[in-house]
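Let's take a walk through this assembly together, one region at a time. Please have the sequence and the 3D view open as you read.

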Amino acid sequence: MATTSPGMLRRLQDWLPRLVLAPSFALVLIFVYGFIVWTAVLSMSTSRILPVYKWAGFDAYERLFAQPNWWMALKNLAIFGSLYIIICIALGLLLAILLDQRIRIEGVLRPIYLYPMALSFVVTGTAWKWFLNPGMGFQNTVRGWGWEGFTFDWLVRPDMAIYTVAIAGIWQASGFVMAMFLAGLRGIDSEMLKAATVDGASTFTIYRRIVIPLLRPAFLSAVIVLAHMAIKSYDLVIALTGGGPGNATELPSTFMYSYTFTRSQMAVGSASAMIMLMGIAAIMVPYLYSELREEKR
Amino acid sequence: EESVEVLHWWTAGGEAAALNVLKEDLASKGVGWSDMPVAGGSGVQAMTALRARVTAGDPPTAVQMLGFDIRDWAEMGVLGNLDDLAAEQGWAEVIPEAIQAFSKYDDHWIAAPVNVHSTNWLWINKAALDAAGAEPPEDMDGLFAMLDAFNEQGITPLAHGGQPWQDGTLWESVVLSRGGMDFYRQAVLDADADALGGDTMRQVFDDMSKLREYFDGSFSGRDWNLASAMVIEGQAGAQQMGDWAKGEFLSADQVPGEDFVCIRFPGTQGSILFNSDQFVMFDLGDDEKRSAQLKMAAAVEDPAFQVAFNTVKGSVPARTDVPDTDFDDCGKKGMADLVEAAAGGTLAGSLAHGHGQPSAVKEAVFDVVTQHLNGQITTDEALTRLPQAVAAAQ
Amino acid sequence: MSVHDMPAGSGASWLNRVVIYGLLLIFAGMYLLPLFVMLTTSFKPLAEIRGGDILALPSEPTIQPWLRAWGSACIGVTCEGIKGYFWNSIRMVVPAVLISTALGALNGYVLTKWRFRGHRLVFGLMLFACFIPFQSVLIPMARVLGQLGLSNTTAGLVLVHVVYGIGFTTLFFRNYYEAFPTELVHSAQVDGAGFFTIFWRILLPSSAPIIVVCVIYQFTNIWNDFLFGVSFASGGGAPMTVALNNLVASSTGVKEYNVDMAAAVIAALPTLIVYVVAGRYFMRGLMAGAVKG
Amino acid sequence: MAFIEIERLERSIGALKILKGIDISLEKGGFLVLLGPSGCGKSTLLNAIAGLQPPTAGDIRIDGHSVMDLHPSKRDIAMVFQSYALYPNMTVAQNIGFPLEMAGVARAQRETDIEAVARTLQIGHLLGRRPGQLSGGQRQRVAMARALVRKPRLFLFDEPLSNLDAKLRVEVRAEIKRLHQQTGATIIYVTHDQIEAMTLATQIVVMKEGEIQQSGTPAQIYGQPANMFVADFMGSPAMNMLPGTVAPDGRGLIPEAAPDDVLPLPCPLSPGRKVVLGIRPENIGQEIGPGMFALDLPVEIVEPTGSDVFLSLRFGTALLTARLPGAARAVAGGVQRVGLDLSHAVLFDAESRQRIDG
Amino acid sequence: MAFIEIERLERSIGALKILKGIDISLEKGGFLVLLGPSGCGKSTLLNAIAGLQPPTAGDIRIDGHSVMDLHPSKRDIAMVFQSYALYPNMTVAQNIGFPLEMAGVARAQRETDIEAVARTLQIGHLLGRRPGQLSGGQRQRVAMARALVRKPRLFLFDEPLSNLDAKLRVEVRAEIKRLHQQTGATIIYVTHDQIEAMTLATQIVVMKEGEIQQSGTPAQIYGQPANMFVADFMGSPAMNMLPGTVAPDGRGLIPEAAPDDVLPLPCPLSPGRKVVLGIRPENIGQEIGPGMFALDLPVEIVEPTGSDVFLSLRFGTALLTARLPGAARAVAGGVQRVGLDLSHAVLFDAESRQRIDG
Ligand SMILES: Nc1ncnc2c1ncn2[C@@H]1O[C@H](COP(=O)(O)OP(=O)(O)OP(=O)(O)O)[C@@H](O)[C@H]1O
Ligand SMILES: Nc1ncnc2c1ncn2[C@@H]1O[C@H](COP(=O)(O)OP(=O)(O)OP(=O)(O)O)[C@@H](O)[C@H]1O
Ligand SMILES: [Mg+2]
Ligand SMILES: [Mg+2]
């Protein structure tokens with residue numbers, strides 16, 4: 001009876017899931033983690049126009065942090081990132097709550113809020129640039145309506161331009177955040193809301209005390225998605241301001257791209273990529289850790 | 001069948017039509033053409049794509065390239081050698097030395113120059129000029145006077161697009177105007193720290209601040225051709241821009257001398273800041289491909305092509321021996337200026353277009369110039385920061 | 001069920017409704033504005049664009065720009081519009097979406113129903129992969145593609161998109177299958193079904209909502225990608241976004257804004273249609289657990 | 001005038017009538033149990049009373065005043081939901097205190113009240129936990145506490161015990177009963193469990209498809225069911241139903257299943273009438289008292305439950321369920337002599353399915 | 001040698017021991033019911049037998065052969081899951097046919113088999129529907145059909161009736177019983193419902209926290225519970241427990257609750273020993289037969305359930321639950337004379353909580 005074949009079969013059955021996962025995992029290991037190591041190596045090399053594997057230690061990092069541009073990029077990311085995340089969440093939540101009020105035309109409105117996510121900034125960039133341009137866009141139009149004194153020239157003011165980037169970014173992502181919150185709202189047990197109503201809570205109180213605290217998972221997802229989009233934002237800036245006026249809208253992502261590919265300072269670009277990765281890891285790792293540990297319940 | 005794959009960023013109608021001349025010429029010689037256009041701000045995306053291709057070990061046959069980029073790539077040892085063809089066609093005799101400097105590396109020909117653009121031009125709306133009753137200005141003070149006159153007419157005196165390379169183009173013209181060719185060489189080409197932080201440079205930055213006053217409110221981020229359109233339509237009086245701007249005027253059915261006036265940027269007559277588009281041939285290690293490359297290089301240097309291409313593009317031929325009969329007034333002036341400058345030693349590479357310094361330094365200068373122009377830093381800060389940034393980027 | 005399923009019990013409710021609808025419509029208008037500008041511009045003749053108000057409706061509407069953009073606009077030395085590139089994109093998007101979705105589904109299946117020691121670490125590593133900035137992998141990727149002989153091919157682009165899409169598709173499917181009753185898997189096992197049979201016969205037929213989310217997400221991301229397209233594809237093989245860029249960002253000549261806008265709208269059309277048509281399934285899929293915390 | 005008066009209450013969703021004209025009246029301090037199969041509209045009715053789902057027609061009066069225009073929070077009602085509906089983001093104490101907070105009760109007073117109710121329900125030690133850290137029975141009691149703490153004029157309970165296991169259910173049921181008896185609260189209670197209904201109610205309303213089938217005391221519902229639906233629905237195992245024809249003398253029933261055995265009728269009926277005789281398992285037993293009808297029947301299935309033994313007995317073509325004491329010995333395949341206590345039997349008209357009043 | 005033999009089976013997750021050494025043996029054709037409170041490890045044990053969750057120690061043998069190395073699909077077991085686990089994307093016929101398909105049975109044969117089993121379970125008219133279009137009871141029968149169609153050597157049922165309402169539950173229970181009696185299948189059945197366990201099982205295993213408390217026939221478990229846990233767990237309402245001390249003569253019990261009433265013990269014990277006397281509600285009744293102990297007790301709560309009336313009687317500081325016939329009249333506040341049938345009482349040691357064998 002005790003032939004080996006059933007045991008072997010069983011063992012194969014046990015290993016099959018791992019075998020199925022293996023190709024994907026291998027791809028990710030090589031193409032993501034392998035490349036991260038590769039980039040790390042480049043960041044410690046003397047590479048300029050093409051990869052050169054000559055050890056230079058932390059020279060590129062020193063040069064990186066000596067760049068006023070890099071500091072500008074970090075500062076801009078702080079401004080842009082916080083505005084983008086906070087306003088997207090506030091707006092997305094507001095829209096989701098409004099849409100959740102048994103709106104008859106919800107089926108029409110939802111795709112309207114959602115569609116910007118479907119468009120790339122390569123596509124909408126020009127429209128936005130016109131729209132924000134004081135000479136041609138909104139300012140011009142409003143003046144045309146008779147408000148001669150109206151000014152909206154943030155796009156061309158170095159101190160304000162980063163806010164226009166935030167506006168366009170919020171336009172693009174807030175609908176998606178709305179969808180996440182709406183899904184969260186729809187998932188809340190209706191009996192709980194009824195209970196709160198019977199307990200005497202007003203609609204406002206129900207949202208403040210019950211609904212919004214219950215949307216915690218949706219908040220978390222939204223923050224993660226937005227944070228990584230903020231850090232990765234690239235075409236947004238390129239299409240809208242090209243990093244200008246001056247370097248007023250430089251972000252780490254544009255910085256990395258230009259140093260790697262147009263300024264022939266690949267080592268510095270790679271160093272900035274490493275710093276960005278560390279920033280992302282600082283956000284993601286605690287989140288992943290808590291998320292995956294919680295499952296043990 | 002032989003064929004070439006050409007990476008370039010000439011995607012606009014006129015340029016593409018010009019390239020078509022080359023494509024058909026090659027087709028008649030049995031060489032196929034596979035097009036790889038990558039548009040976008042002076043070839044930024046194209047260079048990214050090129051890096052990817054080269055890194056992948058699969059470079060395109062020929063690549064449009066500018067100035068120091070050619071040198072950088074040659075340094076990597078990935079370019080092919082065109083010495084035989086150059087000797088055969090006598091390139092050395094007909095192509096100005098200053099341009100040869102970029103077409104050759106280690107005394108070997110590695111690129112075939114297509115054209116010569118010069119950047120220190122000023123384009124003036126004729127009607128506005130006439131209304132101001134002024135002659136075309138000859139120096140910076142004359143320029144300011146003219147711009148003041150435009151201001152009084154209620155038009156935007158100087159049309160400008162706030163992009164780093166446009167800011168840089170304006171800046172290098174002012175440098176040339178204020179300091180002359182020697183100062184330009186010292187400050188820009190030699191990156192001399194004293195010159196970059198000195199009094200002449202202070203004057204340049206002051207001029208820049210002053211010019212800034214003549215822009216309209218929404219110059220930031222504007223594409224250069226929109227600025228040209230402002231001059232064409234009379235919304236603006238003048239634009240400082242390279243000779244490719246002429247294409248805009250011509251395609252708007254404007255006639256040089258009647259509707260618009262082209263002059264060297266005030267104070268720079270006799271000197272030229274050039275940039276030259278060249279085709280670089282990558283070393284593909286394959287005889288058949290090499291033969292195609294040579295045929296293409298030969299076709300590029302063919303005088304007929306040089307005329308056909310440059311009349312459309314607005315630039316002047318890279319060869320100085322091409323007849324100017326087919327060119328318009330501005331073109332003729334440009335060709336004459338080139339010959340003169342080449343002979344007189346007042347022909348220098350344009351910084352803003354990659355012929356003055358490697359891209360790292362160029363971008364470092366742009367950083368300072370742009371930030372200064374946009375009021376993010378003062379003139380004093382610019383003067384301290386410029387030498388530092390240039391030194392750091394070297 | 002929403003909080004407002006309840007009667008307000010007083011007469012002020014219609015005022016509430018007016019305010020709510022008013023806000024929603026104002027926001028809808030703001031979200032639509034850029035699309036509106038693009039559409040109106042694409043129907044205006046050039047002259048009207050130069051002089052006019054960007055918010056104005058076209059006074060002499062023309063479909064010429066659309067025809068030019070689709071069939072005769074010049075990109076490089078060829079003047080055949082963007083239609084060829086449209087199919088390039090399709091050829092790239094379809095396999096990339098299908099493969100990444102299929103892999104994501106299998107991964108999600110294994111990571112929820114066939115857990116093994118270390119499955120959390122594996123998932124964590126795959127998830128983190130979603131967040132790397134793509135610019136930083138361009139050079140290594142180019143090198144690897146070159147060595148695989150996939151440089152400059154559609155297959156290469158498909159590979160790139162699959163690799164960087166796996167993280168997201170795995171996340172989507174894992175969260176969805178997390179809520180799928182494990183008892184069904186057990187039941188099928190007892191009934192004699194093996195690993196793939198269970199996946200194919202039991203899980204997959206119930207995965208429609210999440211497949212929709214996954215496909216929409218991947219489709220828009222891959223369709224809209226520019227960076228990989230411009231770096232790893234070239235010439236006639238370039239995807240739509242690259243062609244659009246070549247059309248729009250050309251450096252000299254007369255800028256035909258109406259043609260640019262028409263081309264941009266054409267380029268965006270597939271994703272727009274996908275969102276509008278499949279939007280409700282998208283929401284349903286999201287609710288089914290695609291974005292749980 | 002009754003405390004709660006519900007008149008011709010209707011609710012439709014689109015073309016679908018969910019409540020089809022409900023009339024109920026309940027005295028102050030009464031305990032009304034709503035009973036009926038799943039989907040018959042019990043929760044809908046409760047929600048209408050609470051004001052959570054507005055009725056489409058009819059009126060609801062509490063203490064003589066119509067509440068139709070009152071917002072749920074103004075009706076002074078407490079409700080315990082089937083799923084408890086505890087707020088997962090609040091502690092037990094916060095959950096219980098929430099309705100007080102909404103009513104603007106001062107913090108100190110709130111804390112006193114919470115502690116008092118928690119003591120009564122023996123959840124004082126859980127006040128700091130969150131709902132996720134409680135067992136089912138504990139959650140149940142927290143939901144109850146949240147309802148009790150307000151001392152409202154009316155309690156609504158929607159299947160509050162359905163998620164508990166049998167043992168816990170018995171305990172909590174006793175607790176609710178004690179509560180009702182001690183506080184004299186007015187309660188409306190939804191359940192699908194007959195035992196719960198029988199033991200708790202002062203008044204039972206049996207519903208079916210949005211209509212009231214019968215309303216009465218538990219004893220009435222169980223002993224004098226208005227129709228066959230109520231008779232069948234109440235009692236576990238269900239009542240034995242024997243269709244038959246009234247014998248020519250009007251004093252006997254000829255069962256369809258076994259036409260040879262004529263069962264004596266409790267009261268004379270018109271001969272030839274088609275009727276159904278209903279007799280509960282506990283009225284078929286081992287002892288044959290005076291006036292009972294004895295039968296020897298083959299045993300098909302023996303189901304000992306410990307406290308009782310249920311027998312399925314073959315009676316012609318029908319099966320009769322009989323209840324014997326737990327100690328009784330019976331074997332499948334054997335024959336058992338049983339007595340039918342026909343004085344407790346009920347008769348239904350076979351066509352109208354209504355009970356025939358004896 | 002028994003058909004199913006489980007030896008010292010253990011399962012741990014991390015440091016947590018879920019099964020702590022389970023020994024079970026079951027004859028061919030037996031019906032074993034696993035009983036125990038929620039979370040005691042019943043499902044885990046069933047899953048271990050099916051091979052779905054491997055045990056960490058011990059052995060499982062079916063028909064003499066260890067199945068530890070066999071994949072679930074090779075064990076020739078059918079399982080009905082608590083939630084039915086019907087494949088939502090397949091029709092009823094496809095659901096039932098799935099195990100046959102997996103076993104490679106030809107299509108024609110499959111169709112015959114499906115029809116046969118569907119006829120038995122009266123679901124022939126549902127074969128074309130999907131699970132979503134079925135009622136709870138119908139789903140239950142489809143799940144059952146899927147298990148039956150394969151004629152496996154062992155059936156595993158995991159709380160298959162817990163989602164049904166009381167009425168349907170009684171019906172399906174009878175169907176399972178019939179099935180077992182007709183086919184002679186070997187069945188292991190998990191439930192938390194004592195009535196189900198008592199009526200279905202040939203053997204009951206009561207578990208608590210991963211350990212077996214008692215294994216025996218239903219009558220043994222109910223009548224001679226091994227310890228206080230089993231006694232308390234079996235029976236609804238629960239057994240009355242009276243702690244007390246054995247009187248100096250060894251023949252009486254002095255209850256703590258009412259030290260003045262000395263209850264006669266069924267058998268003599270050592271004087272002064274602390275014991276607990278357990279007596280079920282059905283053994284406290286109206287009739288006072290020979291050898292029964294009569295008491296007059298104040299009535300605290302009256303719970304009529306229709307078929308019976310349960311009284312809570314004050315006995316000193318304790319409450320005793322008594323079961324009276326449904327027709328009995330009793331009022332809260334009154335006094336009821338009841339007889340305690342102490343011959344059915346059980347005694348437990350107060351300290352070890354084990355039953356004292358009489
Ligand atoms: N929003 C709705 N749309 C359509 N039908 C509905 C809706 N809400 C409830 N129903 C229907 O109304 C009927 C009554 O529902 P209700 O919840 O009151 O039943 P119930 O008696 O509480 O049942 P249960 O015992 O299962 O809780 C059901 O048939 C249900 O399908
Ligand atoms: N993956 C797991 N990790 C940790 N503990 C677990 C896991 N699975 C089950 N348990 C624990 O094992 C114990 C037994 O679970 P099991 O499902 O066997 O209970 P059960 O007796 O079937 O209960 P129920 O009657 O509620 O179905 C429970 O206390 C449960 O919390
Ligand atoms: Mg209900
Ligand atoms: Mg279980």
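A residue counts as buried when its relative accessible area is under 20%, as exposed when that area is over 50%, and as partly exposed in between. Keep in mind that what you are looking at is a predicted model.

R61(D) has 17% relative accessibility, so R61(D) counts as buried. The side chains of D59(D) and R61(D) meet in a salt bridge, with 3.1 Å from N to O. This pair belongs to a network of salt bridges that links E5(D), E7(D), R8(D), D59(D) and R61(D). In general, side chains of opposite charge can pair when their charged atoms come close.

Over all chains, the structure holds 52 salt bridges. In one of them, R202(B) pairs with D380(B), and the closest N and O atoms are 3.0 Å apart.

K246(B) belongs to helix α13 (residues 245-251) of chain B, while D328(B) is in the loop between β14 (316-317) and α16 (329-344) of chain B, so the pair ties together parts 82 residues apart in sequence. Here K246(B) counts as buried, at 4% relative accessibility, whereas D328(B) counts as partly exposed, at 22%.

Now turn to chain E. Four strands of chain E form an open sheet in the order β2-β1-β4-β5, with antiparallel pairing. Its edge strands are β2 (16-26) and β5 (65-66) of chain E, each of which pairs on one side only. Strand β1 (residues 4-13) of chain E runs antiparallel to β2(E), and eight bridges join the two. To find your place, look for I4(E), which stands opposite L26(E) in β2(E). Helix α1 (residues 42-50) of chain E lies across β1, β2 and β4 (57-62) of chain E, at about 65° to β2(E).

The backbone deserves a look as well. Most residues other than glycine have a negative phi, and most peptide bonds are trans. D63(E), in the loop between β4 and β5 of chain E, has a positive phi near 55°. E209(E) also has a positive phi, about 45°, and is found in the loop between β9 (203-208) and β10 (211-216) of chain E. A cis peptide bond runs from S236(E) to P237(E), with omega near -5°. In chain D, S236(D) and P237(D) are likewise joined by a cis peptide bond, with omega about -5°.

Finally, how many residues of chain A are in contact with chain C? The count is 91 residues of chain A, touching 93 residues of chain C. Together the two chains bury about 8800 Å², 78% of it on carbon and sulfur atoms. Across this interface the rule finds zero salt bridges, but 14 residue pairs in polar contact.

Terms used. Residues are numbered from 1 along each chain as its sequence is written. Chains are lettered from A and ligands numbered from 1 in the order in which they are written. This is a predicted model: local features need pLDDT of at least 70, side-chain atom pairs count only at pLDDT 80 or more; totals for chains, interfaces and linings use all residues. Side-chain values use heavy atoms; hydrogens and water are left out. Two strands pair if DSSP finds at least two bridges between them. Contact means heavy atoms within 4.5 Å. Axes are lines fitted to C-alpha atoms, for helices over the stretch in contact, and angles run from 0 to 180 degrees between N-to-C directions. Buried area is the accessible area (1.4 Å probe) that two parts lose on being put together, summed over both. A salt bridge is a side-chain nitrogen of Lys or Arg within 4 Å of a carboxyl oxygen of Asp or Glu. A polar contact is a pair of N or O atoms within 3.5 Å; within protein, one must be able to donate a hydrogen and the other to accept it, and residues adjacent in sequence count only if both atoms are side-chain atoms. Buried means under 20% relative accessible area, exposed over 50%, partly exposed in between (1.4 Å probe, protein chains only).
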